[in-house]
Amino acid sequence: MTTGKPLLAVRNVKLTFGGITAIKDVSFEVEKGEFFAIIGPNGAGKTSMLNVLNGVYKPTSGTVEFEGQPLLGRKPADIARLGIARTFQNLALFEEMTVLDNVVLGRHHFMKAGVLSGMLWFGRARREEYEARRDCMPLIELMGLSDIRNELVRDLPYGVKKRIELARALAMRPKLLLLDEPVAGMNGPETAELASWVLNAKRELDLTIIMIEHDMALVTKVADRVLVLDFGEVICCDKPSVAVNDPRVIRAYIGGTDEKVINQATAGLKEGSASTDTTEKSASDAKKESVSTATSEDAS
Ligand SMILES: Nc1ncnc2c1ncn2[C@@H]1O[C@H](COP(=O)(O)OP(=O)(O)OP(=O)(O)O)[C@@H](O)[C@H]1O
């Protein structure tokens, strides 16, 4: 983690939809290199916040700065060009295209010829497409997708599809990666595996990450800090080990004050922070796998 100016500064952001206030006066900063999580009960304003950060929603008031530059008023594509990429809760891959083609799509906002002529494969588009494919190969290797790069996405398991989506976001060469519930719908081993790929990519590509996630076990394992929202307000912003002990956080999750229920909820929240062994081991395995893949491809 670095000191000095934050990579991202969100100040006094408010967002309303008609009579509904989704975000109320939210402020926080994210340092370069941080793994920052946003959690909170359903309807707390997490997705709305992510949509503000990548320009889909324009807040009613407040400011957002990325590397000292104002983000508000910019279109999502401009924000992507500045270095903020995003994955989605629901898979948004092209099932009838190959793994490589899907990842290359992440490069298209850098290309001048446009997606359609790129697909039709002529003129400048042909050269740009070739360069985009070449640029994506190290990422394909880093994400352990080399062996299946020419397979159709529709034939692949869900966990691999999530990894492809991650690779496509990385193809945008982001400085800040926004992850929207990356392990939603996954079981324990699938979650641990995807977490290892995310941590591997973060380390290798020097990324800063903001992740929305309901899985507290994952949050406590990977996040440096966690912002807890409830009804659009910040109720805690601290290390996961501190957040899971904060009575406001526990109350927000269980919606009551009964001592016995709070103790049970506390135990549940803390479970995730008990050990980091599985994720760290998997991350190191993932790294080894990607390095060995790259080595064997180089040799052939
Ligand atoms: N486009 C919209 N139009 C109207 N209301 C919206 C819109 N988007 C979000 N909201 C409202 O804003 C509030 C916050 O929603 P948001 O989706 O950001 O919460 P969340 O924390 O991401 O919830 P979940 O965990 O269920 O995804 C909710 O009351 C929601 O109904």
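1. Two residues are in contact if their C-beta atoms, placed from the backbone, lie within 7 Å. With that in hand, take the contacts in the protein chain between residues at least 6 apart in sequence: 70% of them join residues at least 24 apart.

2. A word on the source. This is a predicted model, where local features need pLDDT of at least 70 and side-chain atom pairs count only at pLDDT 80 or more, while totals for chains, interfaces and linings use all residues. Residues are numbered from 1 along each chain as its sequence is written.

3. Start with the inventory. The protein chain has 12 helices and 10 strands. Both are DSSP runs, numbered from the N terminus: helices are H or I with at least four residues, strands are E with at least two. Of the 300 residues in the chain, 42% are buried. A residue is buried if 20 or more other C-beta atoms lie within 10 Å of its own, exposed if 12 or fewer, and partly exposed in between; these C-beta atoms are placed from the backbone.

4. Next, the domains. The assignment gives domain 1 (1-83 + 174-269) and domain 2 (97-171). Such bounds come from an automatic or database domain assignment. Across the boundary, 16 residues of domain 1 are in contact with 10 residues of domain 2. On the domain 1 side, α2 (76-82) and α7 each supply at least two of the touching residues. Helix α7 gives the most to that side, with 8 residues.

5. Leaving out residues up to four places away in sequence, L178 touches L50, L53, N54, I84, A85, R86 and I210.

6. Now α7 itself. Its 18 residues reach 26 Å from first C-alpha to last, close to the 26 Å expected at 1.5 Å a residue. The expected span is 1.5 Å times one less than the number of residues. Buried residues of α7 include T191, L194, W197, V198 and L199. Just after the helix, D206 takes a positive phi of about 55°.

7. Compare α6 (residues 158-170). Its 13 residues should span 18 Å, and its end C-alpha atoms are 19 Å apart, which agrees. Of these 13 residues, 10 are buried, so α6 is largely enclosed by the rest of the structure. Among the buried ones are K162, R163, E165 and A167.

8. The sheet deserves a careful look. It is open, with 6 strands in the order β6-β7-β8-β3-β9-β10 and mixed pairing. Two strands pair if DSSP finds at least two bridges between them. The edge strands, β6 (84-86) and β10 (233-238), each pair on one side only.

9. Check both sides of β9. Strands β3 (residues 35-39) and β9 (residues 225-230) pair in the parallel sense over 4 bridges, and I39 has V228 as its bridge partner. With β10, β9 pairs in the antiparallel sense over 5 bridges; here L227 partners C237. β9 and β10 form a hairpin with 2 residues between them, and F231 in the turn has a positive phi of about 45°.
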